[in-house]
Amino acid sequence: MKTAIPAPDQYQDMREALRDLCGRFDSAYWQKVDTDRGYPEAFVDALTEAGWLAAMIPQEYGGSGLGLAEASVVMEEINLSGGNAGSCHGQMYNMGTLLRHGSPAQKQQYLPGIASGKLRLQSMAVTEPTTGTDTTQLKTTAVKKGDRYVVNGQKVWISRIQHSDLMILLARTTPLAEVKKKSEGMSIFLVDLHQAIGKGMTVRPIPNMVNHETNEVFFDNLEIPAENLIGTEGLGFRYILDGLNAERTLIAAECIGDAYWFVEKARRYASERVVFNRPIGQNQGVAFPIADAYIETEAANLMRFKACELFDAHKPCGGEANMAKYLAAKASWQAADMCLQTHGGFGFAHEYDVERKFRETRLYQVAPISTNLVYSYVAEHLLGLPRSF
Ligand SMILES: Cc1cc2nc3c(=O)[nH]c(=O)nc-3n(C[C@H](O)[C@H](O)[C@H](O)COP(=O)(O)OP(=O)(O)OC[C@H]3O[C@@H](n4cnc5c(N)ncnc54)[C@H](O)[C@@H]3O)c2cc1C
């Protein structure tokens, strides 16, 4: 029987193992988590216990030491199974900042716990309410006082704080007026959330369109031990940018998983649903949008694997990672819209999962980077057009 699920590839053993695991969490499970606005605790535990979330952590710290390609397959398979990797993808890429820029002592202290799942590093706090995408203007400050940094300011849309032990924080350590370039003078810190919440850090959840736990965060003289600074003071923005290629490619893979899920769901429904005495898929007006979404998904998938290949070969991949994220998010949103339309009224019923995944995949046009910012990257960095900001 034909299917929209991609043909077996070199990751097939991994895919089979992930399908076994994800298959234990059926659509009723994800519907309940979504309706309750809950956290897929049992799923994340199972994924962690099987070692999948530690795919990119080197073996010396208890991870599997796999590449971005394999890590992206984990994210893809979760979404392809009907689940939502957004509940735990932070654990996969936030640790990269620590791995690349942390001191040997920090890595030894945290990475084994992150690999085993004892510690969750699910959160990264960058976005602020008054400055949004214009990150270098952020207002949160961290001022060194003796052996501590004192943090004041506000963040918004920070994900998974209530399901994390640690959070990476970007704050300004040198005032904007005193740096040569606006990208200088910011630093990153590892915040121990158990130490911080209620002692200078306040968290207020933001109810939103998807079951994605997001929060407003307020810092009022939060004290962080100076040893929690990651890397060199003042280079934090560069470190954050460094991690974005992996993040974008992993999100692209989630979108690819979603897109194949939507195409397959629509293909099946269009083959089975009979109206006017024939399957609706016999009408080209129904079949062609499904074929179109499939073509877009296949094309986006090529760019996703190109980005993975370059990243894993330690070659520059900013263009490919951004373009993979753009193409995959576009393909998954197009596939979502098509799938809803193919299902007619039933697309709106919770039990079909289409409306849930439709909402979930829409996020990726906006976060973690909005589509316009990808255009801006490509225009400036790949095409040499004048810088606009
Ligand atoms: C569910 C969810 C989870 C999130 N999780 C996190 C998280 O864990 N950590 C974190 O730090 N952030 C997080 N974010 C924030 C997210 O990264 C931002 O929402 C996103 O980067 C856009 O920033 P903004 O909302 O401030 O939009 P704005 O910067 O206000 O932009 C609004 C719109 O204007 C466009 N725009 C702005 N400037 C330009 C320009 N110069 N040229 C063209 N277009 C422009 C943007 O593309 C966008 O479409 C999350 C957001 C959501 C919704």
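This is a predicted model: local features need pLDDT of at least 70, side-chain atom pairs count only at pLDDT 80 or more; totals for chains, interfaces and linings use all residues.
I began with spacing: the centres of domain 1 and domain 2, taken over C-alpha atoms, are 24 Å apart. Residues are numbered from 1 along each chain as its sequence is written.

**Entry 1: the domains**

I looked up the domain bounds, which come from an automatic or database domain assignment. They are 12-116 for domain 1, 123-235 for domain 2 and 238-382 for domain 3. For the contact between domains 1 and 2, I found 12 residues from domain 1 and 13 residues from domain 2; two residues are in contact if their C-beta atoms, placed from the backbone, lie within 7 Å. On the domain 1 side, α2 (27-35) and α5 (89-101) each supply at least two residues. With five residues, α5 gives the most to that side. Helices here are DSSP runs of H or I with at least four residues, strands are runs of E with at least two, and both are numbered from the N terminus.

I then checked cover on α5, and 11 of its 13 residues are buried. Among them are H89, Y93 and H101. A residue is buried if 20 or more other C-beta atoms lie within 10 Å of its own, exposed if 12 or fewer, and partly exposed in between, with C-beta atoms placed from the backbone.

**Entry 2: Y39**

Y39 sits in the loop between α2 and α3 (41-49). I noted it as partly exposed because it has 16 C-beta neighbours inside 10 Å. Leaving aside neighbours within four places in sequence, Y39 is in contact with S87, H163 and E213.

**Entry 3: around the ligand**

Which residues come nearest to the ligand? I got V126, G132, T133, S159 and S370, out of 23 residues around the ligand. To be counted as near, a residue needs its C-beta atom, placed from the backbone, within 6 Å of the molecule. The elements giving two or more residues to this shell are β1 (123-125), β3 (148-159) and α12 (371-382). By class I have 12 nonpolar, 11 polar and no charged residues in the shell. For these classes, Ala, Val, Leu, Ile, Met, Phe, Trp, Tyr, Cys and Pro count as nonpolar, Asp, Glu, Lys and Arg as charged, and the others, Gly among them, as polar. Domain 2 and domain 3 both give residues to the shell, so the ligand lies between them.

**Entry 4: the core**

The largest nonpolar core has 110 residues, and F189, A259, F262, V263 and A328 touch the most other members. Such a core is a set of buried Ala, Val, Leu, Ile, Met, Phe, Trp, Tyr and Cys residues joined through C-beta atoms within 7 Å. Helix α8 (residues 236-272) provides the largest share, 18 residues. I followed A328 too: beyond its neighbours within four places in sequence, its contacts are A252, C255, I256, A259, A300 and R304.

A cis peptide bond joins A367 and P368, with omega about 0°. P368 is in the loop between α11 (354-362) and α12.

R160 lies in the loop between β3 and β4 (166-172), and F276 in the loop between β9 (274-275) and β10 (278-279). R160 counts as buried, with 25 C-beta neighbours inside 10 Å, whereas F276 is exposed, with 8 other C-beta atoms within 10 Å.
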